[in-house]
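Hi everyone, thanks for coming.

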Amino acid sequence: MAAASSIAFSSGKVATFNKFQSVINPAARNPSSISCKVNFGENGRPCVQTLTSSLKTFPKLYTPQELTGDAVRKDKTRLRLFSGTANPTLSQEIASYMGLDLGDINIKRFADGEIYVQLRESVRGCDVFLVQPTCPAANENIMELLVMIDACRRASAKTVTAVIPYFGYARADRKTQGRESIAAKLVANVITVAGADRVLACDLHSGQSQGYFDIPVNHIHGQPVILDYLASKTISVEDLVVVSPDVGGVARARAFAKKLSDAPLAIVDKRRHGHNVAEVMNLIGDVKGKVAVMVDDMIDTAGTISKGAALLHQEGAREVYACCTHAVFSPPAIERLSSGLFQEVIVTNTVPVSEENIFPQLTILSVANLLGEAIWRVHDDYAGTYEHISGLGID
């Protein structure tokens, strides 16, 4: 298949990297420190690095299935991949990983803002995958996805799968006060009624949101990409501590810590006084002299994670890393994240990051290989063994 390197943005610049091979240096003073060598000679399909030492270190994580051969021609497969306007760069990376061309689609706005969608190629009898995160502007992107689904259904597609790397309205997943809406359930209903047969989502705000859909949901986890990137850092395992920025993210942070050789866990206890407003109250756990890795599913205004980082520094943390899947970055997130509290802010490209929002500490990793592999497996009705599908959410 056609090869395409996965993309990372580091220190505000675009960097292309191929397969990583991380090794333990036995001559190093600390035998459990981790180093990474980048092999640019391999011009294969994008994949993540694996550790090849038997010493105590990070475990082997998800590695994409190695496929070889020429690019798949559209007339030779019943799979069609279309992109909305929310994140066309990620859609193109997924298509390149899969060895496919993006489908020809016309999406435009009328003068009054109405959305017009026309498929410019036949999808009759095909498995159609529509890549459209419902990121800001969320309402526009959700409506665009619905119209795309309707167009595919009326064009006699065999199945329609909504690939939603970032699922908007996921935070409204329950009633915390009287007379509130559960918008996550509403959006799930609308997507189902529009005609989607399946949803492929990445790191939902809460796992139980899968139950809001009356159609199959494949829940993809972006953690393997971030974990493998951390494995390329020269960080001693004994120096690591994983931090949950709030009590609600403890399960996520615990799973993350388990894959980092059972690193210790710390929790930032906070009380929220309103939406996008947080007050840090206390720290549960020991971070003194440690490298703290804060883990969350998204960063919106960065209020929670920045106040948590300030508390970690007060408690003696040596360095603080911020890791999340969805970089929503609503103002004043950039000012908070670039204020010097973080050694590095590691995110993925489920949400497009505009050029003006890139700052020196920011690193953006691609999840195209995860989503591309999941799409192939859904299309081929192939689940594989647990080792192959860890993080893919394919049952």
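I'll start with a sheet and then move on to some helices.

Please keep in mind that this is a predicted model. Let's look at the sheet. What is the order of its strands? It goes S6-S9-S10-S11-S12, an open sheet of 5 strands with parallel pairing. At the edges you'll find S6, residues 79–83, and S12, residues 217–220; each has a single partner strand, so one side of each has no neighbour in the sheet. From one strand to the next, the twist averages 20°.

Now zoom in on S11, residues 198–202. This strand runs parallel to S12, and 4 bridges join the two.

Lying across S6, S9, S10, S11 and S12 is helix H8, residues 368–380, which runs at about 160° to S11.

Next, helix H5, residues 250–259. Which of its residues are buried? They are Val-250, Ala-253, Phe-256 and Ala-257. These cover an arc of only 125° around the axis, so they sit on the same side of H5. On the other side of the helix, Ala-251 and Lys-258 are exposed. Just after H5 comes Ser-261, with a positive phi of about 55°.

Last stop, helix H6, residues 303–314. With 12 residues at 1.5 Å a residue, H6 should span 16 Å, and its end C-alpha atoms are 17 Å apart, which agrees. Its buried residues include Ile-305, Leu-311 and Leu-312. After H6 comes Gly-316, whose phi is positive, near 100°.

Definitions and conventions:
Residues numbered from 1 in each chain as written. Predicted model: local features only at pLDDT ≥ 70, side-chain atom pairs only at ≥ 80, totals over all residues. Heavy atoms only, no water. Pairing = 2+ DSSP bridges. Axes fitted to C-alpha atoms, helices over the stretch in contact; angles between N-to-C directions. Contact = heavy atoms within 4.5 Å. Expected span 1.5 Å × (residues − 1). Buried < 20%, exposed > 50% of the residue type's maximum accessible area, 1.4 Å probe, protein only. Arc of directions from axis to C-beta.
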